[in-house]
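Here are my notes on the model you sent over. Have the structure open while you go through them.

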Amino acid sequence: MANSLMTRSFSTREKVLLLVLSVLLVGGCYYLLVVKNVADMKANNAAQLEEVQMQVDAQQSLLAARSQMVKALEELGPTEQLPEVAVYDNVRNEINELNAALAGATTSSLSFGQPELDGTLVRRAVNVSYTVPTTEAALAVMSELQNGKYACEILDFSLTNSLKTDGGVSSVAATLTLTYFETTTGSTNLSGLVEKAPATASASTTAPTATTTPKATQK
């Protein structure tokens, strides 16, 4: 019977079915071995590409943030030029800074107030008076102090012009109140400090003022 099966001839219908099965088998093998493998590789590459793109986007965001920080620092200027909140007691260095700013003044005087302690912050008020030849020179002194090495604030100032008989300015007398800021952090000597008086409901704050008053003099 086995021999009869081996020698049996297939009908046309059976041959067609065998051909169809062979094609399906070859197509299935091709799909599994080629098409599916290629599709899996494409999906894997797409996932890797997406991950790389996310990393690139993150790096670009970091670069943009860094560029903004660098630009802000460049606009601010070098850190060594920023005003320093010095450790208390810094009065000698502050006097040297004031004297340097007033070196070109015709006359000058300084009057220091009692330094006040507010937490770890020390405020040292200084009343400054000086005379210079021009208004520009008076303002230059204020600018030098405001942008000096040690942190300070000019609260108010006034300028008084002395005029010549022809109406020109002969000299400018300037007065200003300057407050230096210091810190007790790191200080080993807190003598001379007084606690800042607590604020009251009736306390008022006077806004900084600037006045210019001409005063005629005979020259």
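1. Ground rules. This is a predicted model, where local features need pLDDT of at least 70, side-chain atom pairs count only at pLDDT 80 or more, and totals for chains, interfaces and linings use all residues. Residues are numbered from 1 along each chain as its sequence is written, and side-chain values use heavy atoms, with hydrogens and water left out.

2. Overall layout. The chain has 4 helices and 8 strands (DSSP runs: H or I of at least four residues for helices, E of at least two for strands, numbered from the N terminus). Their order from the N terminus is α-α-β-α-β-β-β-α-β-β-β-β. Buried residues are 22% of the 219 (buried is under 20% relative accessible area, exposed over 50%, partly exposed in between, with a 1.4 Å probe and protein chains only).

3. Helix H4. Ala138, Val141, Met142 and Leu145 of H4 are buried. These buried residues fall within an arc of 95° seen down the axis, so they line one face of the helix (the arc uses directions from the helix axis to the C-beta atoms). Their cover includes helix H3 and strands S4, S5 and S6.

4. Glutamate 182. This residue sits in strand S6 and counts as buried, at 0% relative accessibility. What does the side chain of glutamate 182 pair with? Arginine 124, by a side-chain polar contact of 2.9 Å (a pair of N or O atoms within 3.5 Å; within protein, one must be able to donate a hydrogen and the other to accept it, and residues adjacent in sequence count only if both atoms are side-chain atoms). A polar atom of the glutamate 182 side chain also lies 3.2 Å from the backbone nitrogen of asparagine 90.

Conventions. Contact means heavy atoms within 4.5 Å.
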